Amino acid sequence: MSIPRKLEGSWLRHYLDFTRGMESPEIFHFWVAISLIATALGRNVHLDRGYFKLYPNMFIVLLAESEECAKSTAIKIGVNKILRDDEMESCPMIFAQKATPQALVETLVDETGVPDADRVVHKNAEVYIAASELAVFLGKKEKNSELLTMLTDLYDSPDKWAYKTRYKGWEQVVNVCLNMVAGTTPKWLRETIPRDAIAGGFVSRLVFIYVNHTDREFAHPEYTSVEEELRIKLIHDLSLIRRIKGPFKWGRGSKEWYTDWYKVNAERLRKSPELYVRRKKDLVLKLAMCVSASKSDDRVINIEDLTTGVSTVNKVEEYLPIAIALKKDFL
């Protein structure tokens, strides 16, 4: 994947420089970087969409055959080297264990309420799901329908959300924001996600990044002082991104550009049965917010941020037939 020249000097570009010595394909590192930015932004920012607020959160799945493209390595580099609570300011909660509805709810409850004397001060219930093996995280498809329904609901970042637990009764969380990056193989994807997750909308919320090869080979990867200095800078700058707060605004001509693009693609976006294509209009905006934050804290979506979002999704769609074939296997 060729990274647009307009990203030179951005946090995204620096992250790709940091991971240049890893064998995982660049597109995997790019999307892990996007997930890190989206997680840092959380519910601190949004784009006003009239009837609702659009947050930059995403459910990203790296898809490749086992040991082909080092999916798990790409994810672990982002989590273990960058998103560290001992180094990053206000680091979001990382959820990497095998999930159950109860465990996820308890984590969100812990994040959402902070006792303060006789009142409760609500903060954002933000969780970053980092699942190097999606099949392990979700469990067997015969038993995970409740969890998938929950994840589908939480994807839309509800202001308030309630869940009835077996032992504690109704639990309520507020200001939810879930991000996810996960890795899996086509085989495990088929064996993990049940048919009703297609109709239920869970799969359409996943951004599949499919790669069947890598052109990187390093018999002896090296981690030098250069990479360590870059890592420290990445953590520092991601902490600054974490501080960005407030609504995004449309830059000069960008709203009109998006309107024209939307009109040209409206029929396909509305009628397409293809996985997340119907959500492409929102995915482009989510990417534009992340790209903008990668370059500046001005919370302005410019035309170049939108074109980067569109070109990025178009690149993913080159491999969409593979994902569509997988969908047919579910049915």
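Which residues does His29 touch, not counting residues up to four places away in sequence? They are Tyr15, Leu16, Thr19, Met22, Ser24, Ala74 and Arg216. Contact here means heavy atoms within 4.5 Å.

This is a predicted model, in which local features need pLDDT of at least 70, side-chain atom pairs count only at pLDDT 80 or more, and totals for chains, interfaces and linings use all residues. Residues are numbered from 1 along each chain as its sequence is written, and side-chain values use heavy atoms, with hydrogens and water left out.

## Overall picture

The protein has 13 helices and 14 strands. Both are DSSP runs, numbered from the N terminus: helices are H or I with at least four residues, strands are E with at least two. Of the 331 residues, 55% are buried. Buried means under 20% relative accessible area, exposed means over 50%, and partly exposed lies in between (1.4 Å probe, protein chains only).

The accessible surface comes to about 15,700 Å². Carbon and sulfur atoms hold 49% of that surface. The areas come from the Shrake-Rupley method with a 1.4 Å probe, and for residues only the protein chains shown count as cover. Among contacts with a separation of 6 or more, 76% join residues 24 or more positions apart.

## Helix α1 and its surroundings

The buried ones are Trp11, Leu12, Arg13, Tyr15, Leu16 and Phe18. They pack against α2 (26-41), α3 (71-82), α9 (225-242) and α11 (280-295).

His29 sits in helix α2. It is buried, with a relative accessible area of 0%. His29 and Ala74 are 45 residues apart in sequence, yet their C-alpha atoms are 6.0 Å apart in space.

Helix α9 has 18 residues. It reaches 26 Å from its first C-alpha to its last, close to the 26 Å expected at 1.5 Å a residue. The expected span is 1.5 Å times one less than the number of residues. The buried residues of α9 include Leu230, Arg231, Leu234 and Asp237. The buried residues of α9 pack against α1, α2, α3, β7 (125-131) and α11.

## Helix α4

Helix α4 covers residues 101-112 and has 12 residues. Its reach is 16 Å from first C-alpha to last, close to the 16 Å expected. Among its buried residues are Pro101, Leu104, Val105, Leu108 and Glu111.

## Aromatic rings

How many aromatic pairs are there? The count comes to 10. Rings of Phe, Tyr and Trp (its six-membered ring) pair if their centres lie within 6.5 Å; planes under 30 degrees apart count as stacked, over 60 as edge-to-face and the rest as tilted. Two of the pairs are set out here.

| Pair | Centre distance | Plane angle | Type |
|---|---|---|---|
| Phe95 and Phe137 | 6.1 Å | 90 degrees | edge-to-face |
| Tyr258 and Tyr262 | 6.2 Å | 40 degrees | tilted |

Phe95 lies in strand β4 (residues 93-95) and Phe137 in helix α5 (residues 134-138), so this pair ties together parts that are 42 residues apart in sequence. Phe95 and Phe137 are both buried.

Tyr258 and Tyr262 are 4 residues apart in helix α10 (residues 254-271), which separates them by about one helical turn. Tyr258 is buried at 4% relative accessibility. Tyr262 is partly exposed, with a relative accessible area of 33%.

Trp11, Tyr15, Phe18 and Tyr223 form one aromatic cluster. Lys81 lies over the face of Tyr223, at 4.5 Å from the ring centre. Lys187 lies over the face of Trp188, at 4.9 Å from the ring centre. A charge sits over a ring if NZ of Lys or CZ of Arg is within 6 Å of the ring centre and within 35 degrees of the ring normal.

## Cysteines and a loop

A search of the whole structure finds 0 disulfides. A disulfide is a pair of cysteine sulfur atoms within 2.5 Å. Cys69 is buried at 1% relative accessibility. Cys290 is buried at 0%.

Asn175 is found in the loop between β9 (169-174) and β10 (176-184). Asn175 and Ala125 are 50 residues apart in sequence and 5.6 Å apart in space, C-alpha to C-alpha. Leaving aside neighbours within four places in sequence, Asn175 is in contact with Arg43, Lys123, Asn124, Ala125, Pro158 and Asp159.
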